[in-house]
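Student: I would like a close look at one part of this protein, the aromatic pairs. Please take me through it step by step.

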Amino acid sequence: QLHSDLDKGVGSVKYTLSGDGAGTVFTIDETTGDIHAIRSLDREEKPFYTLRAQAVDVDTKKPLEPESEFIIKVQDINDNEPKFLDGPYVASVPEMSPVGAYVLQVKATDADDPTYGNSARVVYSILQGQPYFSIDPKTGVIRTALPNMDREVKEQYQVLIQAKDMGGQLGGLAGTTTVNITLTDVNDNPPRFPKSIFHLKVPETSHVGSAIGRIRAVDPDFGKNAEIEYNIVPGDGGNLFDITTDEYTQEGVIKLKKPLDFETKKAYTFKVEASNLHLDHRFHSVGPFKDTATVKINVLDMDEPPVFSKPMYTMEVYEDTPVGTIIGAVTAQDLDAGSSSVRYFMDWKNDVDSYFTIDATEGTIATNELLDRESTAQYNLSIIASKVSNPLLTSKVNVIINVLDVNEFPPEISVPYETSVCENAKPGQVIQTITAADKDLSPAGQRFSFKLSSEASNNPNFTVHDYRNNTAGIETRRNGYSRRQQELHFLPIVIEDSSYPVQSSTNTLTIRVCRCDSDGTIQSCNVEAIFLPVGLSTGALIAILLCIVILLVIVVLYVALRRQKKKDTLMTSKEDIRDNVIHYDDEGGGEEDTQAFDIGALRNPKVIEDNKMRRDIKPDTLRFTRHRPPAEDNTDIRDFINQRLQENDVDPSAPPYDSLATYAYEGNGSVAESLSSIDSLTTEADQDYDYLSDWGPRFKILADMFGEESYNPDKVT
C-alpha cells in the first residue's frame, strides 16, 4: 500500500503507478493506494519488478509529492523439482573390480532459489541397482558396492537414481534418471577343453599340408582375452602333425606334416595344449591359463598305387649291345593289405623310347635296337606300374640309362693345320705343334701317341717328336728348303689311342715352303712369287689391273657421250616438223646470229591459222593476206575435249569444280608480233613471209631466208 502524508482520507488524493508490469502484472487502487497482483508470478521467470508511484491532487492534477521508486521482489517457493539434464547415462566398469571402484558421477539441477530455504538443496539416492552399486548423496558419484562382479555371470546393469530437493525431507520434489552400466571383460578365465580326448579318422592318402581335423577349447572371455594359441606337446606321433589357430572361430586346425601309411602305422596319439595369448598379471594366482587334451588319430586303409623300391633308377649299357640284352630291372610292390600283382609298361614320350622294352610282369628292361653313344649318350625313360586289381592306380618312376663307349673310332688331328717352313730353316726347328681328338668318350687317362708312318720313317725333310702329353711337334731335319724345287711337302703321321682295342689313323700334314726374313718372319708363301724373280708383288699386279679397268671405263663413257650428242644434233634439223624443246647451255648471238638455233623447231604444224590479221601489232599500211580456202576444224581436238568432259562428268572422284586453262600470247609490245607456234599454219608452204621486209633492216636476213625459200613437202621426214 502507498500512502501520502497529505492524504486526509477525504478523497482529494489520487495515486498513480508506472514501471515494470504496471497495468499488466500489478495494479493500484487510486483512492487507497493499495497495490495488487493481477496474475501469477514466477520467480524463475522474473525475480523482481521496479515500479514508480506518485500522489496527485484530484482537483488540480498536480503532484503533491515527488515521484518515488520502489522494488517488488518475488519470494521463491519450492515449485521446481530437480532435473538430470544429461540423463540417461551410460557407463562401464571392469569386471572383478574391488568395492568402491569409481563408475560415474551424475548431477541434477533445481531451478529454485538456492539462497532461500532448502528448495534447491538436492540429495541423491539409488532406487534400483542395489546391492551392486552405491551413490554419494551429496556429490552423486556412483561406485561399486560388491566385489568380484563377474561379466560372464551378468554383464549389463540398470541403476535408477533419484534426486530430491528440500534436503530429502518429506514434501520435497524429486527427479529420477537411469544409468546403464556395463561390465567390461578382463582375462580372468583360462581356456578349457570340453573333453579330454578327441578322436579323428584320417585316410592314409591324405595330402601333406591338408587339414585333417579340428578341436576347440572354450574361453568365456571376450575379444582379445579369448584368443587361444594351440601347440602340440612333443611326444609320440606329434612330429607327423601340425596345429594352427583359426582366427575367426578360435579352433585348432590339425594339419598333416608328413605322409601317412596304414601298413606302417595305423594310429597316432599326441597331446595338444591351449593357452591364452594375452595374460592379465592380476589373475596369475588363479592358476595356469592353459589346458591340455589328448588327440587320437586312426589311419584309414585306402587302396593305394604300387610303390617302387627306388625313387629313381640308373642303368648302364655298352653301345652296340645286341638287341634283346637285359640291362636292368625295376621293382614295385602293392603295400596294401590285400596285396595285388603289378604290371609294368613304358610311358611313351618320343621315338627315343622305342630303343628299349620292358617286361610287363618282371619289370626287366632290355634293348630293342642297337645303341650308338656318339648319337645319344643318355636315355631318360618313364616306367609306369599299375595294380592288376585296379589298373587306374598307377605310379611312375624315372630310369636313366647311360650308354658306355666302345672304342670304335680312331683318333684324328683335332683341327686342319696350315703348316709352313721357312726356306732358311735350321735342323731341329719345331714348325708346328699338333693335337688329336677322338669321337669316342675318352676315359680318364686316355693317351694318344704320334709317329711317322712306316713308309715315311726315313723322311729326310721332317720328323715327329711325341711329347707324351697328347701333343706332338713337327721338326725339321735338314738345313734350308727351296720353293723352286718343291713348294709342298706331305708328311703322313700315325696317331694311336690307348683304349682297347687300339684304334689308329694316318693323317697327312701339308707343309708349305715360304720365303722368310732373317728373323723367321714369313714374307711370302704364294705360288706366283716363284715365277716373279723381278720382284713384282701381288699388290703391284692388282694395282696394274685396276688402272687398266679404269681406262676401259673412261673410253666407254666417252664413246657413249659422243653418240648421245650426235643423236641430239640430228633432232635439231629444220626438216623435223615435230615440236621439240631444245636446251642450249650456250648464250645466243642476238638477232643477227642466224646460226645459233633453227627457228623451224618453234613451228607447230598441228595448229591451223585462220586468215586474220595479227593482233599483237598494228601494221603501218593496211595490207591483205592471200585468201585461201578455210581449213576444216580440227575434229581431233574437239573430240578429245568432249571425251574428257564426259569422263569428268561421270567420274565420282573428280573435284566439284571447273578447271580453266588459259592460253595467252606474249603481248603486244613487240614489232615482230608473237613468235608462238600455236597460231602457225599447217605447213611452211601456207606461210606468207613478205611482211618480213616491212620490219626494217634488222629482219632483212629472215626476209631473205623465208621469202626466197620454196617449200618441198617431200623433204619432210
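Student: Is Tyr230 buried or exposed, and at what relative accessibility?

Tutor: Tyr230 counts as buried, because its relative accessibility is 3%. Buried means under 20% relative accessible area, exposed means over 50%, and partly exposed lies in between (1.4 Å probe, protein chains only). A word on the basis: this is a predicted model, where local features need pLDDT of at least 70, side-chain atom pairs count only at pLDDT 80 or more, and totals for chains, interfaces and linings use all residues. Residues are numbered from 1 along each chain as its sequence is written, and side-chain values use heavy atoms, with hydrogens and water left out.

Now the pairs. Rings of Phe, Tyr and Trp (its six-membered ring) pair if their centres lie within 6.5 Å; planes under 30 degrees apart are stacked, over 60 edge-to-face, and the rest tilted. By this rule there are twelve aromatic pairs.

Take Phe26 and Tyr49. Their ring centres are 5.1 Å apart and their planes stand at 80°, so this pair is edge-to-face. Phe26 belongs to strand E2 (residues 26-28) and Tyr49 to strand E4 (residues 48-57), so the pair ties together parts 23 residues apart in sequence. Helices (H or I, at least four residues) and strands (E, at least two) are DSSP runs, numbered from the N terminus. Phe26 is buried, with a relative accessible area of 4%. Tyr49 is buried too, at 6%.

Back to Tyr230. Its ring pairs with that of Phe193: the centres are 6.3 Å apart and the planes at 55°, so the pair is tilted. This pair links distant parts of the chain, 37 residues apart. Phe193 sits in the loop between strand E12 (174-184) and strand E13 (197-203), while Tyr230 lies in strand E15 (residues 228-233). Phe193 counts as buried, because its relative accessibility is 9%. Elsewhere, Tyr132, Phe133 and Tyr157 form one aromatic cluster.

Next, a sheet. Three strands form an open sheet in the order E14-E17-E16, with antiparallel pairing. Strand E14 (211-216) and strand E16 (241-245) are the edge strands, each pairing on one side only. Two strands pair if DSSP finds at least two bridges between them. E14 and strand E17 (residues 251-256) pair in the antiparallel sense over five bridges. Among the residues involved, Arg214 has Val253 in E17 as its bridge partner.

For contrast, look at Leu552. This residue is exposed, with a relative accessible area of 54%. Leu552 is found in helix H1 (residues 538-570).
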